[in-house]
Amino acid sequence: MSMSFHSVINGKTVFLWQQYRANRLKSLETMRESGINPYSEAPRNIISIRQFISKYAYLSAGEKLEAIEISLAGRVITKRASSSKLYFYELLDDGARVQVMADARDSDMDTVAFSTYHSGVKRGDIIAICGYPGKSKRGELSIFPRSLEVKAPCLHMLPRHLAVVDGTRTQSSQGTTNGTWTPGDARNPASYVLTDQETRYRQRYLDLMINPEVQTVFRTRTRITKYIKRFLDDLEFLEVETPNMNLTAGGASAKPFTTYYNELDTNVHMRVSPELYLKMLVVGGFNRVYEIGKVFRNEGMDQTHCPEFTMCEFYMAYADYNDLMDLTEQLLSGMVKELTGSHKIRYHANGLDNEPIEIDFTPPFRKIDILSELERVANISIPRDLSKEAANKYLLDVCEKFDVKCPPPHTTTRLLDKLVGHFIEVSCINPTFIINHPEIMSPLAKSHRSEPGLTERFNLFVNRIELCDAYTELNDPVEQRRRFTEQLKDRTSGDDEAMVLDESYITALEYGLPPTAGFGMGIDRLTMLLTDSQNVKEAILFPPMRPQ
């Protein structure tokens, strides 16, 4: 419902919205009866508003090029009538805006028809214009219509927006001009014209239409993806696609969504990761592969977690986790520099009511050894053999001592994860590698070459949030089977996020996986950081929402 953009609704407001829509529908019917199609075909030979601005920005205040004919199209965002013979509009298209100065003296209509037609044009309407370029006396670049036609009427009232007086924007009582934000800088959605989160996420088209900054956020997300692809393409990685529906939900410790495949007459799982398929491709001879796509984990939603999210994963033969740490530094520092002009970004880590913090992506990134740092910070001594019941009991006691909450099942992996989150992750503001995870936490990672019981794995944390997970891949099929078997014990204990045994992947390993390193990074969380978004739904065009 269009009325949802108001947080407080009374009977009078509802009536006004309903009456507005009814009046618009009635006017459309009148147009049809008089032989006018309110949804006529697209205009010919239009140029974009960006092209218009680029081509005619040089004009001087008051200068007009009446001999030139230009066609533009877009959505009416603001409208003001100076008189029955002069109307001002602000036209929006593809993130760019331009003023329309509709003067009856320029129109191909007579004065009465001009006034009648323009009084029926409403905010939100899609219009097409044929006219000439020029600037107002105040220097506002404008198009002066010879003809103006509504191509798609908007049947709903829009939230109040910025007023335009002869091209000069003034702030409405509900918002501020939000068109100057750039990636890496702080922003404040509380200043938007449309602020209600439910409406913004459910009706993203309205959010994009009314809050210009939001378009920049999602253009930034696209730039992030394009940068990653260019970075990997330049390193001769091959972009591939792997199945979204799998017989086995492997590649990550997560609970899958399950559906039924009619043709195959079997249950299948939405993928929780493309990892195993990508490593099968390395077995097949594609030494460098990557995929950017959706993964699905049937788990909770919060500020940084969404069950449906976008991952970038790549796999590189004849490399290890040390190589990937170098690549990660190059990828992220280069991206931040290109998108923001600096290695430093500003982020409201402590809420919009507090000053933003500075996060520095200047390499090299800090490295922390996970167990050594946990022992140092918590002043504990973790048993070396984490597979023993005694180790589990010790970690459970530590959690109770420091009041670290760990919901059942109390597997050693889950206890360690909660303790690391409590003692280590909270200090990772600037990009920080947490390295050398225990084998019990890393069923797909290769054992450390010099530290028994550990693996060659790292997580990259930024602003206390995990951004990347990478490791030297375990390529011994016998050891991989043993690790999967250990995971089955956790599943038996009630951990439905523990990995399952994937026989097809074991078979692929038996053909020989070259020494390989693999990397995964969440695109949504990276977008959050570079767009100062405190909620992951700010970085997803159409996030999942509870049924209304």
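User: In this predicted model, buried means under 20% relative accessible area; are glutamate 439 and arginine 483 buried or exposed?
Analyst: The side chains of glutamate 439 and arginine 483 meet in a salt bridge, at 4.0 Å from N to O. Glutamate 439 lies in the loop between β17 and β18, whereas arginine 483 lies in helix α12, so the pair ties together parts that are 44 residues apart in sequence. As for their accessibility, both glutamate 439 and arginine 483 are buried.

User: How many residues apart are glutamate 473 and lysine 279?
Analyst: Glutamate 473 forms a salt bridge with lysine 279, and the closest N and O atoms are 2.6 Å apart. Glutamate 473 sits in the loop between β19 (465-472) and α12 (477-492), while lysine 279 belongs to helix α7 (residues 275-284). Both glutamate 473 and lysine 279 are buried. The pair therefore links distant parts of the chain, with a separation of 194 residues.

User: Does arginine 449 count as buried or exposed?
Analyst: Arginine 449 meets aspartate 320 in a salt bridge of 2.9 Å, N to O. Aspartate 320 lies in the loop between β13 (308-317) and α8 (321-340), and arginine 449 in the loop between β17 (432-435) and β18 (457-462), so the two tie together parts that are 129 residues apart in sequence. Aspartate 320 counts as buried because its relative accessibility is 15%. Arginine 449 has a relative accessibility of 57%, and exposed means over 50%, so arginine 449 counts as exposed.

User: What is the count of salt bridges?
Analyst: The rule asks for a side-chain nitrogen of Lys or Arg within 4 Å of a carboxyl oxygen of Asp or Glu. By this rule, the count of salt bridges comes to 31.

User: Which residues form a nonpolar patch on the surface?
Analyst: Methionine 245 has its place in strand β9 (residues 245-246), and because its relative accessible area is 40%, methionine 245 counts as partly exposed. The patch has about 280 Å² of accessible area together, and its members are Met245, Tyr261 and Leu264.

Conventions:
Residues are numbered from 1 along each chain as its sequence is written. This is a predicted model: local features need pLDDT of at least 70, side-chain atom pairs count only at pLDDT 80 or more; totals for chains, interfaces and linings use all residues. Side-chain values use heavy atoms; hydrogens and water are left out. Patches are made of residues with over 30% relative accessible area and no salt bridge: like charges are joined within 9 Å, nonpolar side chains (Val, Leu, Ile, Met, Phe, Trp, Tyr) within 5 Å. Accessible areas come from the Shrake-Rupley method with a 1.4 Å probe; for residues, only the protein chains shown count as cover. Helices (H or I, at least four residues) and strands (E, at least two) are DSSP runs, numbered from the N terminus. Buried means under 20% relative accessible area, exposed over 50%, partly exposed in between (1.4 Å probe, protein chains only).
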